[in-house]
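I opened this model to look up its cavities, its pockets and its nonpolar core. My entries follow in the order I made them.

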Amino acid sequence: MSAESRATARLAVGVIGTGRVGAVLGAALARAGHHVVAGTGVSAESVRRAQRLLPGVPLLPADEVVACADLVLLAVPDDELAPLVAGLAETGAWRPGQLVAHTSGAHGVAVLAPAARAGVLPLAVHPAMTFTGAAEDLDRLAGTTFGVTAPEPLLPVAEALVLEIGGNPVAVPEEARPLYHAALVVGANHLVTLVNEAADLLRRAGVRQPARVLGPLLAAALDNALRGGDEALTGPVSRGDAGTVAGHLRTLSEHAPDSVAGYVALARLTAGRALASGRLSPAQAGPLLDVLGRVPRPAGGAGDAQTPTGVPRRRRARAWFVAADTAPVSATPRPGRTTPGRRPRPPTADGLALPARTRTDA
């Protein structure tokens, strides 16, 4: 059977890992007309989820699932994927012509090499969506983007499988999978952390229903950011309000000391983006980064007063801003820059880098 015909054939599907993702994708493939013949479920929660989303599907050992499937869906944690594939190869479970697709965002098809050597057809199909493992997740798949990676002849197969369950396939090169996955983690996983951090701080401030405060605000911020990029930046960091930021740090140190490091890291990252986009001038950013540079680091961190180059942090910050005003650019200057036709170079992650021409690692 050719790769093109496999894209539309009705397949016997085996799901290894009936967790939140595997059970939902298995159910989606069944709804698209494929036949889920077996799955694996170890925890009691996985067993209940399989019974709910894949009713009547037997739960078997992994090698038995492989033996009865045309398409094997591997929906296991990232770190378990390579040992699982290799272990099944050692037992001779894989057979030539099988389609094997994993759902890991961090891996491409290289992790499936032991199976590919046995003649299987490797696919990486990762849904860019958060799952709860509930039936409602099936409806979320409509329009969800899937990052797909496969050898060139098999790319239409991966894309067809995604389209069948209502998704939107986007090709991701093998070497770009880690960066692709890191981007999604920053956007989704860290967003959950930020939302809950903000909710906790509001509770400490006496707000009983933080979701009512945050809901409209965060929805508008997300919409603006997706449509306008860095133009959507607002707040004291983007304005260079060093006094406000210093006040935040004082009150966080008193009432929520565990939140200080995260606030500082995000403020530095925001300042770098505001500088690079022209929303914040070097003159405005100088006092701000001085405030952020004075925040004590956690105990035990050598070099608190000096950077690895031996240059005091505040001197490095001022040196960077001097150089920023002389860095030529070809683009038309944006409003708010203090030097027409000049754009500041963005700082490094800690917001306090030297000019690029003085660095040895550029």
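**Entry 1: the largest cavity.** I am working with a predicted model. I sorted the lining of the largest cavity by residue class and got 10 nonpolar, one polar and no charged. I then wrote down the names. The lining holds Leu25, Leu29, Leu71, Leu73, Ala101, Thr103, Val125, Phe146, Leu161, Val162 and Ile165. Three elements, α2 (20-31), β3 (71-74) and α8 (155-164), each give two or more residues to this lining. I noted a volume of about 110 Å³ for the largest cavity. I also looked up how many cavities reach 30 Å³ or more, and the structure holds two.

**Entry 2: the nonpolar core.** Which members of the largest nonpolar core touch the most other members? I found Leu71, Leu123, Val125, Leu141 and Phe146, out of 33 residues in this core. The elements that supply two or more residues to the core are β1 (12-16), α2, β3, β4 (99-102), β5, β6 (145-149) and α8. The largest share comes from α2, with six residues. Leu71, Val125 and Phe146 were already in my notes, as they line the largest cavity.

**Entry 3: Phe146.** I followed up on this residue and left aside its neighbours within four places in sequence. Phe146 is in contact with Leu25, Val125, Leu141, Val162 and Ile165, among others. Its contacts also include His126, Pro127, Gly167, Asn168, Pro169 and Val170.

**Entry 4: the largest pocket.** I moved on to the open spaces. The largest pocket has a volume of about 2,400 Å³. It is lined by 47 residues, and those closest to its centre are Leu194, Leu218, Ala221, Leu266 and Thr270. The elements giving two or more lining residues are α9 (177-204), α10 (210-228), α11 (236-239), α12 (242-255) and α13 (260-277). By class, I logged 29 nonpolar, 14 polar and four charged residues in this lining.

**Entry 5: the second largest pocket.** I read off a volume of about 690 Å³ here. Of the 24 lining residues, Val21, His126, Pro127, Met129 and Phe131 are the closest to the centre. Two or more residues each come from α2, β5 (121-127) and α9. Which element gives the most to this lining? I found that α9 does, with seven residues. The classes are 12 nonpolar, 10 polar and two charged.

Technical notes
Residues numbered from 1 in each chain as written. Predicted model: local features only at pLDDT ≥ 70, side-chain atom pairs only at ≥ 80, totals over all residues. Heavy atoms only, no water. 1 Å grid on protein atoms, 1.4 Å probe; cavity = no way out; pocket = protein on both sides within 12 Å on 5 of 7 lines; lining within 4 Å. Points joined across faces, edges and corners; volume = space filled by probe spheres on them. Helix = DSSP H or I, 4+ residues; strand = E, 2+ residues; numbered from the N terminus. Nonpolar A, V, L, I, M, F, W, Y, C, P; charged D, E, K, R; others polar. Core = buried A, V, L, I, M, F, W, Y, C linked by side-chain atoms within 4.5 Å. Buried < 20%, exposed > 50% of the residue type's maximum accessible area, 1.4 Å probe, protein only. Contact = heavy atoms within 4.5 Å.
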